[in-house]
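Colleague: I am new to this structure. Could you show me how to read a few of its features?
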Amino acid sequence: MEHKELKLLPNYFKKIGLLFFGLAIAFILLFTNHIIPLDNEVAKTITFDIIFIGLLILAISKEKLEDERTTKLRLIAFAFSFISAVGFVIVMPFVNILFGDNFLSEVSSNQLLLTMFILYFAAFSSGKKYN
Amino acid sequence: VQNNLKIERALKNITQDDLAKKIGVSRQTINSIEKNRYTPSTILALKISKIFNKTVNEIFQLENSD
């Protein structure tokens with residue numbers, strides 16, 4: 001019988017994901033040395049896009065030995081990062097008050113995505129180590 | 001679910017690594033099953049029982065809390 005499985009990229013994609021970080025650093029160097037003339041905001045968006053593509057590839061690439069336990073830990077980590085991100089968006093305005101910032105300042109999509117990726121990688125690696 | 005995988009493995013003199021390679025999972029997965037931190041799928045339980053020439057029930061048993 002056919003089972004629905006989590007579709008992931010092959011393990012060698014992890015190296016491709018890491019290459020994107022090199023690409024982001026190269027882009028920053030080219031931009032700061034005025035080799036690529038761009039608006040600051042455009043450059044920031046492009047840098048974050050490159051980093052997020054790299055992080056996404058790393059997140060959805062298989063482990064060297066991907067088995068049912070790692071798939072389960074991966075799904076738990078995905079759920080954990082999603083639920084925590086919702087909590088992060090709810091709590092952040094109150095944290096802003098504590099640090100004297102504006103209560104109404106919104107969480108940026110970059111902040112949110114970075115938080116989700118960090119929580120996902122932390123939950124997945126600790127799951128692999130302790131479960 | 002409790003199991004006597006560690007005992008069965010010792011009786012057959014198979015290491016965690018050997019067993020893991022035979023059924024295509026990581027050694028950590030075998031370790032987690034033995035420590036009752038992970039309950040294997042039916043397919044994996046069947047593969048394990050086949051290695052030891054036993055039924056699934058002889059290796060894995062339900063606990064009162066299940």
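Colleague: Which residues of α2(B) meet α4(B)?

Modeller: Contact means heavy atoms within 4.5 Å. Leu19(B), Lys22(B) and Ile23(B) of α2(B) meet Leu44(B), Lys47(B), Ile48(B) and Ile51(B) of α4(B). By class, that is five nonpolar, no polar and two charged residues. This is a predicted model: local features need pLDDT of at least 70, side-chain atom pairs count only at pLDDT 80 or more, and totals for chains, interfaces and linings use all residues. Residues are numbered from 1 along each chain as its sequence is written, chains are lettered from A and ligands numbered from 1 in the order written, and side-chain values use heavy atoms, without hydrogens or water.

Colleague: At what angle do α2(B) and α4(B) pack?

Modeller: Axes are lines fitted to C-alpha atoms, for helices over the stretch in contact, and angles run from 0 to 180 degrees between N-to-C directions. Here α2(B), residues 16-23, and α4(B) pack at about 120 degrees, with axes 10 Å apart.

Colleague: Is Thr70(A) buried or exposed?

Modeller: Buried means under 20% relative accessible area, exposed over 50%, and partly exposed in between (1.4 Å probe, protein chains only). Thr70(A) has 4%, so it is buried. Leaving aside neighbours within four places in sequence, Thr70(A) is in contact with Glu63(A), Leu65(A) and Phe124(A).

Colleague: What is the phi of Asn36(B)?

Modeller: Asn36(B) has a positive phi of about 60 degrees, though it is not a glycine. Asn36(B) counts as partly exposed because its relative accessibility is 43%.

Colleague: And why does Asn53(B) count as exposed?

Modeller: Asn53(B) is exposed because its relative accessible area is 68%. Its phi is positive too, near 50 degrees.

Notes
Helices (H or I, at least four residues) and strands (E, at least two) are DSSP runs, numbered from the N terminus. Ala, Val, Leu, Ile, Met, Phe, Trp, Tyr, Cys and Pro count as nonpolar, Asp, Glu, Lys and Arg as charged, and the others, Gly among them, as polar.
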